[in-house]
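Please keep the 3D view open as you read.

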Amino acid sequence: MPLLDNINKPNDIKKIPESELRELAVEIRRLLIKSAAKNGGHLASNLGIVELTIALHRYLNLPKDKLIWDVGHQSYVHKILTGRKDRFDSLRKLDGLSGFPKRNESDCDAFGTGHASTSVSAALGMVAARDLRNTKEKVVAVIGDGAMTGGMALEALNNAGTLNSNLIIILNDNERSISRNVGGVARYLDGIRTNRKYLKLKNDVKETLNTTSIGNSLFEKLKTSKDMIKRLFVPGMFFEDMGLTYLGPVNGHNVKELQSALENAGRVDGAVIIHAITRKGLGYKKAEECPAKFHGVEPFDIKTGENLGSKSGKSYTSIFSETMLEMAAEDERLVAITAAMPFGTGLYNFKQTYPKRFFDVGIAEEHAVTFAAGMAAGGLKPVVAIYSTFLQRAYDQLIHDVCLQQLPVVFAIDRAGLVGSDGETHQGIFDTSYLATIPGLTVLCPKDGRELKEMLKYAYELNKPVAVRYPRGIAEDIEDIEFKPIVSYENEIMKNGKDIAVFATGKTVKLALETERVLQGSGISPTIINVRFLDKADGKLLEELKKEHEIIATIEESVRTGSYTERLMAESARRKLNYNFIPITLPDSFIEHGSQNELWERYGFDAGEIAEKIKEEALLKLDAELFRR
């Protein structure tokens with residue numbers, strides 16, 4: 001019988017004999033690979049943390065004790081071991097298990113996560129709550145070496161250095177976030193990993209003393225001088241100089257060694273860092289060889305590692321990548337910046353072609369934005385490529401360091417709108433709202449891949465702050481309508497009609513055209529408008545449309561509050577135009593995980609459903625006019 005059959009609720013793992021834990025790890029890896037191959041998900045990071053998760057679950061008593069995962073995409077093993085194994089097939093599916101920790105999914109998920117560098121701060125808060133309540137639960141935070149490059153993690157470590165109560169911080173060191181880590185923190189950890197002189201001296205001294213009758217007491221006395229010994233070999237003594245106790249490096253794939261380190265750390269009155277060395281992708285050769293490719297995967301063939309059923313055509317990300325190379329060839333001032341995501345944002349080819357003009361700043365979005373502002377002030381033309389959900393972290397820097405000074409920085413905002421299976425923490429549905437509030441920032445949104453290319457070039461030539469937001473997925477060009485050049489704050493009329501005008505943004509323009517075809521079958525011919533500029537309502541167009549239109553529908557893949565829809569309604573009211581509005585937006589809420597198509601259907605982004613709403617409003621308007629007559 002498989003060992004996993006014996007694990008059906010939290011803490012069941014403690015019943016598994018130590019001699020069988022290696023086989024259990026093999027079974028877990030098989031399940032992870034099979035699940036990711038079928039449903040997609042975060043594979044390499046979870047394969048690399050199997051033994052560490054086993055050790056933590058054998059040490060802790062969940063849910064009483066608190067385990068906080070940084071980012072959280074590596075929590076699959078944790079879910080399997082806490083009574084969710086039987087639902088694991090539903091991972092990342094609509095109404096199924098989340099791919100990240102969620103407090104409302106399990107009491108064992110102590111803190112919901114999705115963005116990097118937050119775990120130590122949350123754990124410190126839980127320690128403070130524990131001490132004020134005078135309870136005894138253990139608190140453990142797991143943070144990756146990539147997340148350690150984030151400023152919030154360093155702020156928390158600075159705070160943790162003053163702690164007089166136990167907190168265990170696991171530094172899961174696999175040399176990567178998604179791509180290989182960069183910067184000073186990464187170099188520091190490299191020094192610790194590879195400093196065999198210190199590790200050999202430490203082990204030799206301990207082994208020698210243990211063979212003598214006075215060895216144990218002498219070893220305890222020598223501990224008081226360990227800082228002096230470490231400083232001879234370990235670069236910086238960064239953690240201990242901050243006031244944290246450092247244990248390691250520890251083999252992150254040896255459960256016995258990890259459990260011993262956890263027991264030792266639990267006896268310290270203060271914050272302890274256990275430095276665990278792990279290998280991302282361990283157990284699946286293709287993921288070990290290319291962990292970046294297998295960080296987040298679509299369904300794939302286990303034998304070949306190749307994606308199954310991937311759609312043909314260029315993605316928005318690849319079009320951005322190609323356009324960046326074209327623009328860089330024409331202007332040597334163009335520089336590209338990413339926050340630890342050269343692959344995800346499409347900048348890897350730029351890095352290969354223009355290595356001196358490419359800058360990966362690590363998981364540090366706030367720094368990336370101000371760094372770009374400094375480059376712009378120095379005469380360069382920076383393009384910052386960041387996912388919509390991660391740009392939220394740099395809102396203050398957008399306002400104060402870029403827009404207030406009107407510096408020519410272009411923000412290429414990938415994954416705008418619904419991204420799908422990553423769920424609430426990753427849906428890019430707030431950027432229109434928070435970007436459009438910033439004075440002096442132009443916000444653009446392309447309807448297809450061809451328009452993205454032109455918008456990027458337009459944004460670059462504006463010499464002012466510009467954000468270009470575009471979605472995840474294949475960029476299907478709208479071929480049957482002639483492309484009109486981009487003119488400042490003029491939107492594009494795609495179809496001319498009367499009575500009803502439909503304003504659509506981004507990829508919902510295609511949906512608006514599908515809706516128009518449905519309405520034509522009912523004898524209704526609406527005007528279809530592609531909204532290119534999101535930060536200002538097109539009041540001039542509203543005035544012109546009023547001559548023949550009474551109803552305006554909007555289709556926008558954003559939350560309602562702060563949307564272009566709201567700006568259009570406000571402008572109409574200000575001009576006293578008295579339109580009847582039919583707003584089709586996402587609700588003001590966090591949107592769950594599920595495929596993009598499933599979420600569109602759930603929230604009413606369907607041509608037939610939108611057409612019915614428009615027809616119903618048109619009939620009400622017609623009846624009202626007849627009544628007035």
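This is a predicted model: local features need pLDDT of at least 70, side-chain atom pairs count only at pLDDT 80 or more; totals for chains, interfaces and linings use all residues.

## Helix 3 against helix 4

The crossing in which helix 3 passes helix 4 is right-handed.

From helix 3, the contact is made by Val-50, Thr-53, Ile-54 and His-57, and from helix 4 by Val-77, His-78, Leu-81 and Thr-82. Sorted by class, the contact of helix 3 with helix 4 has 4 nonpolar, 4 polar and no charged residues.

## A closer look at Thr-53

Thr-53 lies in helix 3. Is Thr-53 buried or exposed? Its relative accessibility is 0%, so Thr-53 counts as buried. Not counting residues up to four places away in sequence, Thr-53 touches Trp-69, Val-77, His-78 and Leu-81.

## Helix 1 against helix 3

Now turn to the other partner of helix 3. Helix 1 and helix 3 pack at an angle of about 120°, and their axes are 10 Å apart. Since 65 to 115 degrees is the range for roughly perpendicular, helix 1 and helix 3 are oblique to each other. Their crossing is right-handed.

Helix 1 brings Leu-21, Leu-24, Ala-25, Ile-28, Arg-29 and Leu-32 to the contact, while helix 3 brings Val-50, Glu-51, Ile-54 and Arg-58. By class, the contact of helix 1 with helix 3 has 7 nonpolar, no polar and 3 charged residues.

## Helix 1 against helix 4

The axes of helix 1 and helix 4 come within 11 Å and cross at roughly 115°. Helix 1 and helix 4 are therefore roughly perpendicular to each other, and their crossing is right-handed.

Here the contact is made by Ile-28, Leu-31 and Leu-32 of helix 1 together with Tyr-76, Val-77, Ile-80 and Leu-81 of helix 4. By class, the contact of helix 1 with helix 4 has 7 nonpolar, no polar and no charged residues.

Which residues does Ile-28 contact, leaving aside its neighbours within four places in sequence? They are Leu-4, Val-50, Ile-54, Val-77, Ile-80 and Leu-81. Val-50 and Ile-54 also belong to the helix 3 side of its contact with helix 1, and Val-77, Ile-80 and Leu-81 to the helix 4 side of its contact with helix 1.

In soluble globular proteins, nonpolar side chains tend to be buried together. The largest nonpolar core in this model has 53 residues, and those with the most contacts inside it are Leu-24, Ile-28, Leu-32, Leu-43, Ile-54, Leu-56 and Ile-170. Helix 1 (residues 21-39) gives the most to this core, with 8 residues. Another core, of 45 residues, lies apart from it, and includes Tyr-387, Leu-534, Leu-541 and Leu-568.

## The chain as a whole

Stepping back, the protein chain holds 25 helices and 18 strands. Of its 629 residues, 56% are buried. Among contacts between residues at least 6 apart in sequence, 75% join residues at least 24 apart.

Technical notes
Residues are numbered from 1 along each chain as its sequence is written. Side-chain values use heavy atoms; hydrogens and water are left out. A nonpolar core is a set of buried Ala, Val, Leu, Ile, Met, Phe, Trp, Tyr and Cys residues joined through side-chain atoms within 4.5 Å. Buried means under 20% relative accessible area, exposed over 50%, partly exposed in between (1.4 Å probe, protein chains only). Helices (H or I, at least four residues) and strands (E, at least two) are DSSP runs, numbered from the N terminus. Contact means heavy atoms within 4.5 Å. A crossing is left-handed if the near helix is turned anticlockwise from the far one by less than a right angle, and right-handed if clockwise. Ala, Val, Leu, Ile, Met, Phe, Trp, Tyr, Cys and Pro count as nonpolar, Asp, Glu, Lys and Arg as charged, and the others, Gly among them, as polar. Axes are lines fitted to C-alpha atoms, for helices over the stretch in contact, and angles run from 0 to 180 degrees between N-to-C directions. Angles under 35 degrees count as roughly parallel, over 145 as roughly antiparallel, 65 to 115 as roughly perpendicular and the rest as oblique.
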